[in-house]
Amino acid sequence: MDQTFHDYGYRNAETDQEEDNDVKQTLAMVASGVVGNQNSIAEYSDIWSKPSSENFTQCIDPPKSHKSANLFLQSISLCKNYLLNYGCGFKDLFDWKHFMETLKEDIHIVETLPPAYSEIEPFMETPISWSKVSYYKTEILPLLKQHKVVYFTRTDSRLANNGLPNSIQKLRCRVNYPALKYPSPIEELGKILVSRMRQNGRLYLALHLRYEKDMLAFTGCSHNSTAEEDEELRMMRYEVGHWKEKEIDGSERRKLGGCPLTHRETSLLLKGLGFPSSTRIYLVAGEAYGNGSMQYLTEDFPKIFSHSTLATEEELEPFRNHQNMLAGLGYVVALQSDVFVYTYDGNMAKAVQGHRRFDGFKKTINPDRVNLVKLVDEFDEGKLTWKKFSSKVEKLHKDRTGGPNYREPGEFPKLEEDFYANPLPGCICQTAKK
């Protein structure tokens with residue numbers, strides 16, 4: 001793991017405060033004419049401003065009559081028991097009482113199986129990915145009636161993105177947003193970290209890097225890695241039996257946009273978009289793989305923070321050895337950030353960007369990895385000046401800032417935009433202009 005970014009933390013707050021040249025101060029200096037015209041007010045405002053909501057707003061209230069969905073969901077509610085009681089799982093990561101209370105009008109959720117069912121061995125079933133309601137009614141419901149207790153071995157991507165009744169789509173969002181809430185220890189520390197990032201009225205960017213060793217091994221991506229690191233990643237890929245792809249052309253995958261952005265590519269993206277070196281960045285990430293890989297970021301953006309540098313040892317003690325809880329902490333800070341940037345389409349990135357859309361289209365930068373790496377390569381080859389490179393980066397991401405856009409069905413579910421990344425249509429509706 002590269003420890004470079006640990007040098008920049010809350011424990012050095014006094015030094016940080018002296019050095020920080022936050023955006024508000026810059027704007028004031030521009031307005032008074034202290035700084036040159038090259039840093040205009042519009043330029044600094046644009047990088048932080050959220051996209052227009054275009055009269056779109058949340059619309060997740062249940063219809064006056066939604067008994068069909070309610071009855072169906074009640075009939076499979078016993079499956080939830082295993083989720084709620086899974087060790088260091090749902091009950092530890094979420095406020096389960098709030099979850100049950102919020103959804104009590106929609107679905108009957110039980111904390112423990114009733115005595116009549118408690119001795120029954122659950123029937124193990126893996127639902128088919130991206131299934132419609134008809135599948136659960138014709139295939140799963142008969143299994144539940146037959147076996148009484150069914151345990152879903154997989155729950156990710158088991159429901160289609162599109163082609164579902166509005167009542168089901170709205171229920172998904174009532175589950176995702178009002179019902180799913182982290183317990184007080186996570187929420188409270190998350191608020192503390194947010195307040196420290198916003199100290200003295202400063203803005204901050206949350207950056208979700210996916211540059212962990214297992215991610216690089218799984219994707220076969222090793223751009224800018226050493227030969228030793230490349231071999232280590234290849235060996236790991238072969239050692240994990242359930243990873244189907246073994247021989248991967250990482251260079252080709254990168255060109256197709258299938259690789260997480262490297263730290264250098266990420267730095268060039270942020271600089272190209274106009275973020276100054278004084279930008280405060282909260283790092284939402286696991287252990288960065290590669291010797292010195294964080295150097296590219298910390299040299300260009302020295303004000304990088306994480307939970308381990310913002311919080312005290314005592315504050316973090318309850319979260320030790322609980323990676324899911326630390327991930328929850330990162331989710332809270334990322335959700336509240338002024339700008340959220342992610343470098344790969346992982347589950348957390350999708351969940352955060354969908355939540356930020358639902359919360360009023362908070363600015364979320366979705367990198368165009370295919371075209372961005374082309375620009376980076378052209379810049380490295382001397383084919384583009386910095387001015388031309390940055391202009392192209394800005395133009396490339398002009399409409400990739402998390403504003404309203406309709407999720408459209410695709411030829412294959414895997415090629416569709418995920419419902420959790422964009423709950424429009426379904427949970428966001430456009431109101432008539434006044």
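This is a predicted model: local features need pLDDT of at least 70, side-chain atom pairs count only at pLDDT 80 or more; totals for chains, interfaces and linings use all residues.
The lining of the second largest pocket has, by class, 5 nonpolar, 4 polar and 6 charged residues, where Ala, Val, Leu, Ile, Met, Phe, Trp, Tyr, Cys and Pro count as nonpolar, Asp, Glu, Lys and Arg as charged, and the others, Gly among them, as polar. Of the 15 residues in that lining, Asp46, Ile47, Leu273, Lys363 and Thr401 lie nearest the centre of the pocket, and the space inside comes to about 390 Å³.

Residues are numbered from 1 along each chain as its sequence is written, and side-chain values use heavy atoms, with hydrogens and water left out.

As for terms, on a 1 Å grid over the protein atoms alone, a pocket is an open set of points with protein on both sides within 12 Å along at least five of seven lines, a cavity is a set where a 1.4 Å probe fits but cannot get out, and lining residues have an atom within 4 Å of a point. Grid points are joined across faces, edges and corners, and a volume is the space filled by probe spheres set on the points.

By this rule there are 3 cavities of 30 Å³ or more. The largest cavity has a volume of about 50 Å³, and its lining of 11 residues has Leu209, Ala285, Gly286, Glu287 and Ala288 nearest the centre.

Let me turn to the sheet, with helices (H or I, at least four residues) and strands (E, at least two) taken as DSSP runs numbered from the N terminus. Five strands form an open sheet in the order E6-E5-E4-E7-E8, with parallel pairing, two strands being paired if DSSP finds at least two bridges between them. Strand E6 (304-305) and strand E8 (364-365) each have a single partner strand, so one side of each is left without a neighbour in the sheet. Strand E5 (residues 280-284) is joined to E6 by 2 bridges, and Ile281 stands opposite Ile304 in E6.

Next, the helix pair: how are H20 (residues 369-380) and H21 (residues 386-396) packed? Their axes, lines fitted to C-alpha atoms over the stretch in contact, with angles from 0 to 180 degrees between N-to-C directions, lie 10 Å apart at an angle of about 180°. H20 and H21 are therefore roughly antiparallel, a label for angles over 145 degrees. With contact meaning heavy atoms within 4.5 Å, Asn371, Leu372, Leu375, Val376 and Phe379 in H20 meet Trp386, Phe389, Lys392, Val393 and Leu396 in H21.

Finally, the backbone: a cis peptide bond, with omega about 5°, joins Leu424 and Pro425.

How values were computed. Angles under 35 degrees count as roughly parallel, over 145 as roughly antiparallel, 65 to 115 as roughly perpendicular and the rest as oblique.
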